[in-house]
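Could you walk me through this structure, stop by stop? I have it open in the viewer and would like to know what to select next.

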Amino acid sequence: MAATLLLTTAAVGQDIGPQSQASREQVEKLVGLWKDHFAGADNLQQRRMAFKALMETTPGPTRIQLRQVDADGVNAELIWPARLHHPIGERVILYIHGGGFSGGSIRTHSLLAGSLAKAASSDVLLIDYRLMPEYGYPAQINDALTAYRWLLDNGYDNGNVVVAGDGAGGNIAIETVLRQIQAAKPLPAAVVALSPITDLAATGGSMTSNAESDQLVDKAWIETLRKPYLGRRPPTDPQASPLYADMKGFPPLLLQVGSGEALLDDTLRLADKARQAGVDVTTEVWPGMPHQWQLFPSMLDDADRASQNIAEFAIRHFADRPKE
């Protein structure tokens, strides 16, 4: 499937280009690792441990500095490039990890966070929000909102904050900003959502059409995580599924998704809805990329390319762009 682009006056599509043979081979190797680690992992706890074990095989970030922070009760890691003249405290990406609302951690996403810090010449606040089944909705969103407001209370101007997340983290990132809009409080400069879960009702056509090509996410998995996350709340509640929300006034938005993902339609339908609400949307559909491919720059050339695009998008929208 070739890259699908949304081209309108309010939405920009980026031409990713066709997938190379080398990229196909890299993806095949990565998907094999996913299968090995997730074999027999059927429930939330098993998938959490499988994801943890897989990501522990990947390298950690290099050429960065970091410190543990308590963001008003939310455990987090502040990461910045190990450069002599990096202006810590000026620009920041608030990164919200994916993992189906039930998995993922600072460790699983530290490599991507470190890459973004270096490429965007910014700080990155990578948070450990509460996970289900121990904590259900809206604990995850509340933690992200707390972390965002902590940044504003600790010297970061909202025009120099970009909020980003992947999968469930993309859902949380969008819902966090929607709550800021509803509260009429300062918005970030931009938002990045990587293969976000935008529809917990799982009504997108790609849940079926991409069922064979997506080895990581499917309709059954969305249904598995939906009940412990939402409880009795309907999956079409716009406070939980941003596809059903009013996107008017939303900041500039970058969306990335793989062409064969079950979440393809979650991304494209949200892009269309945001565009119709007047949002400045950039949509990237990457041929052949699996869910969360951005986490694996050590294995995928396209992970490096994707993170560079994210960094360039952030730089374009920071009020105070890096001078280097």
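A crossing of two helices is called left-handed if the near helix is turned anticlockwise from the far one by less than a right angle, and right-handed if clockwise. Keep that in mind for the tour, and note that this is a predicted model.

**Stop 1: α1 and α2.** Select residues 21-38 for helix α1 and residues 44-55 for helix α2. Their axes come within 9 Å and cross at roughly 135 degrees, so the two helices are oblique to each other. Now show side chains. From α1, pick Leu 33, Trp 34, His 37 and Phe 38, which meet Arg 47, Ala 50, Phe 51, Ala 53 and Leu 54 of α2. Sorted by class, this contact has seven nonpolar residues, one polar and one charged.

**Stop 2: the core.** Next, select Leu 125 and Ile 127, the residues with the most contacts inside the largest nonpolar core, a set of 100 residues. In soluble globular proteins, nonpolar side chains tend to be buried together. Which residues does Leu 125 touch, leaving aside neighbours within four places in sequence? Among them are Val 69, Ala 76, Glu 77 and Leu 78, then Val 92, Ile 93, Leu 94 and Tyr 95, and also Ala 147, Trp 150 and Leu 151.

**Stop 3: two cis prolines.** Move to the loop between β5 (123-128) and α4, where you will find Pro 133. A cis peptide bond joins Met 132 to Pro 133, with omega about 10 degrees. Pro 138 lies in the loop between β5 and α4 too, and the bond from Tyr 137 to Pro 138 is cis, with omega about 5 degrees.

**Stop 4: α4 and α5.** Select residues 139-153 for α4 and residues 168-182 for α5; the helices pack at an angle of about 65 degrees, with their axes 9 Å apart. This crossing is right-handed. On the α4 side, look for Gln 140, Ile 141, Ala 144, Leu 145, Tyr 148 and Arg 149; on the α5 side, for Ile 172, Glu 175, Thr 176, Arg 179 and Gln 180. By class, the contact has five nonpolar, three polar and three charged residues.

**Stop 5: positive phi.** In the loop between α5 and β7 (190-194), select Ala 184. Phi of Ala 184 is near 55 degrees, a positive value in a residue other than glycine. Then go to Gln 292, in the loop between β9 (281-286) and α9 (301-317). Gln 292 is not a glycine either, and has a positive phi of about 65 degrees.

How values were computed. Residues are numbered from 1 along each chain as its sequence is written. This is a predicted model: local features need pLDDT of at least 70, side-chain atom pairs count only at pLDDT 80 or more; totals for chains, interfaces and linings use all residues. Side-chain values use heavy atoms; hydrogens and water are left out. Axes are lines fitted to C-alpha atoms, for helices over the stretch in contact, and angles run from 0 to 180 degrees between N-to-C directions. Helices (H or I, at least four residues) and strands (E, at least two) are DSSP runs, numbered from the N terminus. Angles under 35 degrees count as roughly parallel, over 145 as roughly antiparallel, 65 to 115 as roughly perpendicular and the rest as oblique. Contact means heavy atoms within 4.5 Å. Ala, Val, Leu, Ile, Met, Phe, Trp, Tyr, Cys and Pro count as nonpolar, Asp, Glu, Lys and Arg as charged, and the others, Gly among them, as polar. A nonpolar core is a set of buried Ala, Val, Leu, Ile, Met, Phe, Trp, Tyr and Cys residues joined through side-chain atoms within 4.5 Å. Buried means under 20% relative accessible area, exposed over 50%, partly exposed in between (1.4 Å probe, protein chains only).
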